[in-house]
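Q: I would like to learn how to read a ligand site and a few backbone features in a model. Can we go through them one at a time?

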Amino acid sequence: MPHCILQIALDTPLNSVFDYGWPHEEGALPLVGQLALVSFGRREVMGLIVAVKHETDVPPEKLKDALAVRSQLAPLSKEWLALAGFAADYYQRPLGEVALPGLPKNLRIPKTVALDRALKKLAKLDAATDATPSGMPPLNPEQREAADAIGGAIGFKPLLLYGVTGSGKTEVYLQACSQVLARDPQAQILILVPEINLTPQLEGNIRARFPGLALATLHSSLSEGERMLHWLAAHGGQARIVLGTRLAILASLPHLKLIVIDEEHDPSYKQQEGLRYSARDLAVWRAHQLRIPIVLGSATPSLESWHHAQTGRYRKLELRERAVRDAVLPTVRLLDMERDKPKEGLTSGLLAALRKRLERGEQSLLFLNRRGYAPVITCESCGWISNCTRCTSFMVLHKPEHRLRCHHCSLELRIPRHCPTCGNVDLQPLGRGTQRFEEGLAAMFPEARILRIDADSTRKKGSAQEAFDTVHRGEVDILIGTQMVAKGHDFKKLTLVGILNPDTALFSQDYRASERLFAQLMQVAGRAGRAGLASEVLIQTRYAQHPLYAAVVKHDYDRYAGSLLEERRQAALPPYMYQALLRAEAPELATAIAFLEGARDILPTDAITLNDPIPMTMTRVYNVDRAQLLVESSSRPALQAFLKEWVGLLRALKTRVRWSLEVDPLDI
Ligand code: ADP
Ligand code: ZN
Ligand code: ZN
C-alpha cells in the first residue's frame with residue numbers, strides 16, 4: 001500500500017490527469033503544485049501534482065509509483081493552478097497541455113543538474129530589490145492622471161489606457177510601476193508586449209528607470225539556460241518586473257500586483273496553434289482572480305476592449321496629445337493612384353516627398369505588408385501562373401535568393417527559365433513585394449541608404465535587432481518593411497511614412513479586416529514625427545473615398561470604432577456574440593466537410609447556432625484540405641456549457657480527420 005496517491009497532470013492529449021502512488025514513508029509529503037517525474041508508457045515524463053489523496057480507483061496491480069518529486073522547487077501556487085485550470089476549461093483542452101508546455105524545458109527533464117545549477121546561481125545573485133526610480137521625467141497632466149489612476153488602483157480594476165501614438169504610454173506604465181513597487185516591497189509586475197522585437201527597447205527603458213531592481217524577460221528567443229533562470233526568478237519572487245511576450249502570461253508570479261498589456265489590440269496576443277489562447281483575455285482573468293489592477297494600452301484598442309470601456313466595465317484613461325514637446329500627430333494625406341499613376345509602384349507625390357526627406361537628411365519609412373519580390377510570376381503567352389502544387393496559394397518570387405517560395409508550406413523551387421506549359425522564356429513578375437520596391441528605390445535614389453526589414457532579411461538570430469539599431473543610429477535614409485517595422489518603435493528622425501498597398505484588406509471576407517487595417521495604419525502612421533519634427537503620412541490608394549481612410553486622415557479612432565461597433569451589433573458579431581470555430585483537415589475536402597456535418601448533428605441544441613460547414617478561404621495547405629464550422633451564441637456561459645459537452649463527444653469519435661476547436665477565433 002503506497003503512502004499516498006498523487007493525482008498528476010501530464011502533457012498528453014485527451015485525458016491528462018492520472019493517479020500514481022508515492023510509497024515513501026520518510027520525508028515530507030509531496031505537495032499540490034510540485035512537479036513529479038513519472039513513467040508514462042515507455043517514457044519518463046514530468047507531471048504536475050494537482051491533488052494528494054489516499055484513495056484511487058486504479059487497481060493496486062496497475063498503480064505505478066511516481067519516480068521523483070522536485071522538492072527543491074517551491075510548489076506552483078493555488079492561484080497559478082486555478083489559472084491553468086481556467087484556461088484548460090475555457091479553451092477546452094486537457095489541463096496538462098496548458099500547465100506543462102509553458103514550463104522551461106530543463107524543468108521537465110529527468111536530470112536535475114540544470115535545475116540545481118540554476119537554483120544555486122539564483123541564490124548567489126545579489127538581491128536586486130532597490131525600486132528607487134532614476135531619471136523620471138515630469139509627466140504632463142493627462143499622463144499624471146493616468147499614472148496615478150493605475151498606480152493607486154486597489155482591487156480588480158481593468159483600465160484602458162487609450163493614448164494616441166507617441167503620447168508616452170510607456171512613461172505612464174513606468175511611473176505607475178514605480179508607485180506599486182514603492183508601496184509593496186515584494187510586489188511583482190507583469191508587462192506584456194506583442195512582439196519579441198519590442199522587448200529590447202522596453203527592457204532598456206525599464207533597466208534605466210529601475211537600475212537596482214531585478215528584471216526577468218520571458219520570450220521565445222531565450223536560450224534554455226536563460227529561460228530557466230528567468231522563470232525561476234519570477235517563480236521565486238526575486239524578479240520584480242517580468243517582461244515578456246504572450247507566453248509569459250502563464251509565468252508563475254507569486255506576488256503579482258499589476259499587469260500591463262501594451263498594444264492590447266495586437267493579434268499576436270492570440271496563439272494560433274495548439275492551445276489557442278488569448279494572452280490578453282487570460283490576463284484580465286488573472287487580474288480578476290488576484291483582485292489586482294490591469295492596464296490595457298493602445299492607440300487603437302480592440303473593439304472588445306473599447307466596448308467594455310463604453311459600457312463602463314473598463315475605466316478609460318485618455319492621452320490625447322503627444323508627449324514630446326512640439327511633437328504633433330503627422331498630417332495624413334491620400335495619394336489617389338487613379339490620378340497619379342505610379343512608377344515602380346510609387347506615385348509622383350510619394351517620390352517627391354521621399355526626395356524632400358533625403359535633401360533634409362530625415363528618415364522615411366515605407367510600409368508594405370507583403371514580403372518577397374512579387375507575389376506571383378506568370379507567362380503572358382499562355383496564362384500559366386506560379387501556383388503552389390500543395391496549397392491554394394501562389395509561389396512567391398524571391399529574387400535575391402533566386403527562388404520561388406510558398407509562404408504557407410515552405411515549398412521552394414528554382415525560378416523556372418521558361419514556362420512549364422508553353423516554353424516561353426519571358427516570365428513576368430506580377431505585383432510587388434518589399435524586395436521589388438527596394439530594387440526600384442535603389443535605382444531611383446542611388447545616393448540613398450536603403451534598408452529592408454522583413455522576415456526574410458532578419459532570419460539570422462539577432463539580425464532584427466541589429467537592423468533596428470542601424471535605423472536608430474540614423475544610418476538609414478529609407479526604411480522599407482512589413483508589419484515588423486510598424487509597431488511600437490520610437491524612431492526619432494522619421495518624418496515620412498508611405499503606405500504602399502493597403503487596399504486589398506478593404507475587401508477581405510474577414511469581418512475583422514477593417515478593424516485590423518485601421519489599427520495597422522494608425523500604428524505605422526504613429527512612427528512619424530515622434531521627436532517634434534513636422535511629419536507626414538502618405539497613403540497610396542485606388543479607393544480614396546473609402547470611409548476607413550477618411551477616419552485615418554482625421555486620426556479619428558473614436559468615431560470609426562463607434563461605427564464598426566454599430567455594424568457588429570447589427571450583424572450580430574463579436575463583441576455582441578460569442579463564437580467558437582471547429583476546424584477539420586483531411587486529404588479530401590469532402591471528408592473534412594462530412595466530419596463537420598456529423599459534428600453539427602451530434603449534440604442537438606436550441607441554445608446555440610451551428611452554421612453550415614464551409615471550406616476555409618485558403619482551402620488547401622500542404623496537401624490537406626481544410627474546412628470549418630462556426631458555432632455562435634449570444635451567451636458566453638451557454639456556449640461554454642455546450643462546448644464542454646460537445647468536445648467530449650467529439651473526442652470519443654473514431655475518426656481519421658484531424659480537428660481542432662478554437663474559442664473566440666480571430667480569423668474566420
Ligand atoms: P507611445 O507608446 O504612447 O506611442 P512612447 O511611450 O513611446 O509613446 O513615448 C513617445 C516619446 O515621448 C518617447 O520618446 C518618450 O521618451 C517621450 N515622453 C514620454 N513622456 C514624456 C514626458 N512626460 N515628457 C517628455 N517626453 C516624454
Ligand atoms: Zn506559357
Ligand atoms: Zn504551398
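Predicted model: local features only at pLDDT ≥ 70, side-chain atom pairs only at ≥ 80, totals over all residues.

Q: Which atoms of Lys-169 and Ser-167 lie by an oxygen atom of ligand 1?

A: For Lys-169 it is a polar side-chain atom, 2.9 Å from an oxygen atom of the ligand. For Ser-167 it is a backbone N or O atom, at 3.2 Å from a ligand oxygen.

Q: How much of the accessible area of ligand 1 does the protein cover?

A: Ligand 1 on its own has 560 Å² of accessible area, and the protein covers 78% of that. The ligand sits in the second largest pocket.

Q: Which residues come nearest to ligand 1?

A: There are 16 residues around the ligand, and the nearest are Pro-138, Gly-166, Thr-170, Asp-490 and Arg-530. By type, the shell holds five nonpolar, six polar and five charged residues.

Q: Which helix gives the most to this shell, and which domains does the shell draw on?

A: Helix H5 (residues 169-183) gives the most, with three residues. Domain 2 (141-319) and domain 3 (331-373 + 432-566) each supply at least three.

Q: What should I read in the backbone at Gln-92 and at the bond from Pro-574 to Pro-575?

A: Look at the phi and omega angles. Gln-92 is not a glycine, yet has a positive phi of about 60 degrees; this residue lies in the loop between helix H1 (78-90) and helix H2 (95-99). The Pro-574 to Pro-575 peptide bond is cis, with omega near 5 degrees, and Pro-575 is in the loop between helix H15 (557-570) and strand E24 (578-586).

Methods:
Residues numbered from 1 in each chain as written. Chains lettered and ligands numbered in written order. Heavy atoms only, no water. Near = heavy atom within 4 Å. Polar contact = N/O pair within 3.5 Å; in protein donor to acceptor, adjacent residues only side chain to side chain. Areas by Shrake-Rupley, 256 points an atom, 1.4 Å probe, with all protein chains shown as cover. 1 Å grid on protein atoms, 1.4 Å probe; cavity = no way out; pocket = protein on both sides within 12 Å on 5 of 7 lines; lining within 4 Å. Sits in = over half its atoms within 2 Å of the grid points. Helix = DSSP H or I, 4+ residues; strand = E, 2+ residues; numbered from the N terminus. Nonpolar A, V, L, I, M, F, W, Y, C, P; charged D, E, K, R; others polar. Domains from an automatic or database assignment.
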